[in-house]
Amino acid sequence: MADAVDGPEGLALWARAERVLPGGGVYLSRSGRFAGEGVLPGFVCDAMGCRVVDADGRKYIDFICANGPNLLGYGHPAVQEAFLKQAQKPASMNFFSPGMVELAERLVERHSGQDWAVLAKTGSEVVTLACRVARKATGRSLIVAFNQAYHGSDAELSPWPPPGVPSTRLDDIVRLPWNDAPALEEFCRDHSGEIAGVLFNALDQNSFQPTRFAEPAFVRAIIDAGQKTGAALILDDVRQGFRMDPRGSHRALGVDPDLLCLGKGLGNGYSVSALLGREALRAGARGIMFTSSLHFEQPPMQAAMATLDAYDREGAFDAMNRAGLRLREGLLAAASATGHVIQSSGPPSMPTVLFEDDPDHSRGIRFSREAARRGVLIHPGLNGFLCAAHDDESIDEALVAVEAALAATPLRQD
Ligand SMILES: Cc1ncc(COP(=O)(O)O)c(C=O)c1O
């Protein structure tokens, strides 16, 4: 592609990838091509702080942050040290490890109301497990989820019809509209004894859509759904965890979950996730075989503990939000200086940047490409992420590039 952001090395890697990777949607948003072909650099070889380096050695200020895992900054020294220290020893050994107990203790202590933790590798695994725990504990099968919300790669939880899956496997998931309190109330009235769990996020954050916060009536309806039907309230905090509130986004939302799923930023990029649960659901969790040979790998657990320490010690939450506000203000000012109307929705630490009057997203995509060509990564269709390593200097540097990228983006598509 003539004007692709990828340089010769990146393009050569794409050619090789096309031969041996299946392509298409198999990796979905984790492929650079989810943004469109040639819009973002497809291959990242190195990263430090808030910057990444592509296969051609080009540097970018990154507002994608590996889709969330980069919480403190890539290569955070304390996390690297903890991981590498443990990695001197074999990663996977027999049975439990002291670090596993310690991390579970730390998570339970950190999230008041939660009494136990199951550790795993990915967000998908723990969300799936949460639904199973809710079903086992209640003896019911229905899971209520909302709109298009993504809850991981388990086919049953797919927000769109998942190819290759018998339809009978999808019968017990109900999708209701976000922010529609009456719809949730009515469903709960009609199916009170059938609902095992209500699976929700603190935000409605879907691709190519503005982020929506929850309205108070909807929050009330979620709480009532738990209280009136006995369903478990399952918070999927895999994406929003650590970015809306240091101790779980339910605190920003005002809901006390029965089950809480963490992942992404928990290990600052190392593969560790956790399902936390209340005492009442412990028996449900005990009865489920959920194990994997590599779940007990120790270095990511050490990385997670170092991440929690550094996050608190360094005021990461405030840093991300401060940087996000500076980015938002600068972006909106640059848009008005160049004649664009842009909407930046969501909390400052997770901005979704969309152009108004851009139904086919072509201007947003063009802007992303222009920004990438000037050394800034802003996704055209997914919410972005700030990390604690975004400082005033990097934001201001990014904003210079952003304004030039906006000036190079046509005001209207011909
Ligand atoms: C809200 C939410 N839940 C679950 C997942 C799945 O997590 P993972 O990709 O670690 O399996 C994601 C991933 O993007 C997510 O955003």
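Between which elements does the loop that holds Glu215 run? Glu215 sits between β9 (212-213) and α6. The legends below start with the whole chain and return to this residue at the end.

This is a predicted model: local features need pLDDT of at least 70, side-chain atom pairs count only at pLDDT 80 or more, and totals for chains, interfaces and linings use all residues. Residues are numbered from 1 along each chain as its sequence is written.

View 1. The protein is divided into domain 1 (8-72 + 316-407) and domain 2 (77-313). These bounds come from an automatic or database domain assignment. The domain centres, taken over C-alpha atoms, are separated by 26 Å. Domain 1 puts 21 residues into the contact, and domain 2 puts in 20 residues. Two residues are in contact if their C-beta atoms, placed from the backbone, lie within 7 Å. On the side of domain 1 that touches domain 2, α10 (316-338), β13 (342-345) and β14 (352-355) each give two or more residues. The most come from α10, with three residues. By type, this side of domain 1 holds eleven nonpolar, ten polar and no charged residues. Here Ala, Val, Leu, Ile, Met, Phe, Trp, Tyr, Cys and Pro count as nonpolar, Asp, Glu, Lys and Arg as charged, and the others, Gly among them, as polar. Helices (H or I, at least four residues) and strands (E, at least two) are DSSP runs, numbered from the N terminus.

**View 2. The shell around the ligand.** The ligand is surrounded by 15 residues. Thr122, Gly123, Ser124, Gly152 and Arg239 are the closest. Helix α4 (residues 123-138) supplies the largest share of the shell, three residues. The shell divides into three nonpolar, nine polar and three charged residues.

**View 3. The largest nonpolar core.** This core has 112 residues. A nonpolar core is a set of buried Ala, Val, Leu, Ile, Met, Phe, Trp, Tyr and Cys residues joined through C-beta atoms within 7 Å. Buried means 20 or more other C-beta atoms within 10 Å of the residue's own, exposed means 12 or fewer, and partly exposed lies in between, with C-beta atoms placed from the backbone. Ala130, Val198, Ile234, Ala274, Leu275, Val376 and Cys387 touch the most other members. Domain 1 and domain 2 each give the core at least three residues. Beyond four places in sequence, Ala130 touches Ile234, Leu259, Cys261 and Leu275.

View 4. Leu184, Phe187 and Cys188 are buried in α5 (residues 181-190). They lie on the same side of α5 because they cover an arc of only 100° around the axis. The arc is that of the directions from the helix axis to the C-beta atoms. Pro182, Arg189 and Asp190 are exposed on the other side of α5. The cover over the buried residues includes β5 (142-146), β6 (173-176), β7 (195-200) and α6 (216-229).

**View 5. Arg243 in its loop.** Arg243 lies between β10 (232-236) and α7 (250-253). It counts as buried because 31 C-beta neighbours lie inside 10 Å. Leaving aside neighbours within four places in sequence, Arg243 is in contact with Met320, Pro347, Ser349 and Met350. Pro348 is 105 residues from Arg243 in sequence, yet 9.0 Å away in space, C-alpha to C-alpha.

**View 6. Residues with positive phi.** Most residues other than glycine have a negative phi. Leu28 has a positive phi, near 40°. Leu28 belongs to the loop between α1 (8-20) and β1 (44-48). With 12 C-beta neighbours inside 10 Å, Leu28 is exposed. Asn67 also has a positive phi, of about 60°. Its loop runs between β3 (59-62) and α2 (77-87). Asn67 is partly exposed, with 16 C-beta neighbours inside 10 Å.

View 7. Tyr74 is in the loop between β3 and α2. Tyr74 is buried, with 25 other C-beta atoms within 10 Å. Not counting residues up to four places away in sequence, Tyr74 touches Ala47, Met48 and Gly49. Glu215 is partly exposed, with 13 C-beta neighbours inside 10 Å. The C-alpha atoms of Glu215 and Pro347 are 15 Å apart, and the two residues are 132 residues apart along the chain.

How values were computed. A residue is near a molecule or strand if its C-beta atom, placed from the backbone, lies within 6 Å of it.
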